[in-house]
Amino acid sequence: MKCVISGHGRMGKMIEDMLLEAGDEILGIVDIDLFQNPADIPGKADVLIDFSHPDFLEMNLKYARETGCNMVIGTTGLDGGHLNMIREASKSVGIIQRANYSLGVYVLTQAVKMAAPSLKSAGFDIEIVETHHNKKVDSPSGTAKLLLDAADPEGYYERVYGREGMVGARGKEIGVHAIRGGTVAGEHSVYFFGDDEILEFKHSASSRRIFASGAVRAARFMVGKPAGLYDLGDVLKI
């Protein structure tokens with residue numbers, strides 16, 4: 001597999017190490033003090049793996065369209081405009097975009113999606129809590145947003161990001177809370193609070209390696225795939 005990596009932070013470096021261990025070829029890496037644009041990298045990649053910054057997305061999508069290279073996107077902090085750009089680019093190249101490439105998180109998301117309609121109709125309140133290391137720059141996490149969409153895909157509930165002051169009784173809302181500290185790789189809990197009972201869905205990551213491993217697995221899946229948007233369920237055959 002011939003790859004280009006965009007982003008050389010913790011995840012990018014871990015993905016680089018995994019690819020080299022497996023004997024894959026890294027044509028180049030886009031980051032500060034490295035290549036400034038994937039178009040400057042010689043050779044043709046099978047897959048561009050993007051764990052960089054939202055500001056680099058347009059540049060990376062352009063490279064993919066112009067070279068026919070498929071993409072695995074794990075960059076977090078994307079907004080609606082970015083997602084529209086990804087959907088448009090997927091008409092020309094194959095793309096999988098996800099904030100979290102862990103198998104466990106994918107199953108957790110599906111479980112929340114299945115349980116939420118029955119629990120919401122029974123009047124259960126929903127809260128989401130995510131915990132990460134003290135160097136994480138975005139809040140809430142991309143995974144928390146995935147779980148939020150799984151619990152309320154139609155967007156019927158108001159999103160409340162933390163609470164302070166005399167907020168009064170809760171309304172039709174989902175509270176999302178971010179905790180930052182230490183070296184926590186990632187913990188996510190979705191709580192459903194009913195009368196006299198609580199149901200909790202939880203995932204804990206002890207290492208970022210699970211995310212990098214999932215991204216590399218997704219990259220192998222994307223080699224040679226036709227244009228379109230793919231899901232982690234396609235990769236895992238779930």
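How many salt bridges does a search of the whole structure find? I was looking at a predicted model, and the search turned up 12 salt bridges. I picked out a few to follow up.

**Entry: R170 and D125.** I found their side chains meeting in a salt bridge, 3.5 Å from N to O. The pair links distant parts of the chain, with R170 in the loop between β7 (158-161) and β8 (173-180) and D125 in strand β6 (residues 125-132), 45 residues apart. I then looked up accessibility: R170 is partly exposed at 29%, and D125 is partly exposed at 30%.

**Entry: R163 and E127.** Here I noted a salt bridge of 2.8 Å, N to O. R163 lies in the loop between β7 and β8 and E127 in strand β6, so this pair ties together parts that are 36 residues apart in sequence. Buried or exposed, what is E127? I have E127 down as buried, because its relative accessibility is 9% and the cut-off for buried is under 20%. R163 is partly exposed at 36%.

**Entry: the network.** I was pleased to see these pairs come together: D125, E127, R163, R170 and E173 are linked in a network of salt bridges.

**Entry: D149 and R159.** I found another salt bridge between these side chains, 3.6 Å from N to O. It links helix α5, which holds D149, to strand β7, which holds R159, and the two residues are 10 apart. D149 is partly exposed at 43%, and R159 is partly exposed at 23%.

**Entry: T143.** While in helix α5 (residues 142-151), I stopped at T143. T143 counts as buried at 5% relative accessibility. Leaving aside neighbours within four places in sequence, I list its contacts as A99, N100, V105 and H188.

Note on methods. Residues numbered from 1 in each chain as written. Predicted model: local features only at pLDDT ≥ 70, side-chain atom pairs only at ≥ 80, totals over all residues. Heavy atoms only, no water. Helix = DSSP H or I, 4+ residues; strand = E, 2+ residues; numbered from the N terminus. Buried < 20%, exposed > 50% of the residue type's maximum accessible area, 1.4 Å probe, protein only. Contact = heavy atoms within 4.5 Å. Salt bridge = Lys/Arg side-chain N within 4 Å of Asp/Glu carboxyl O.
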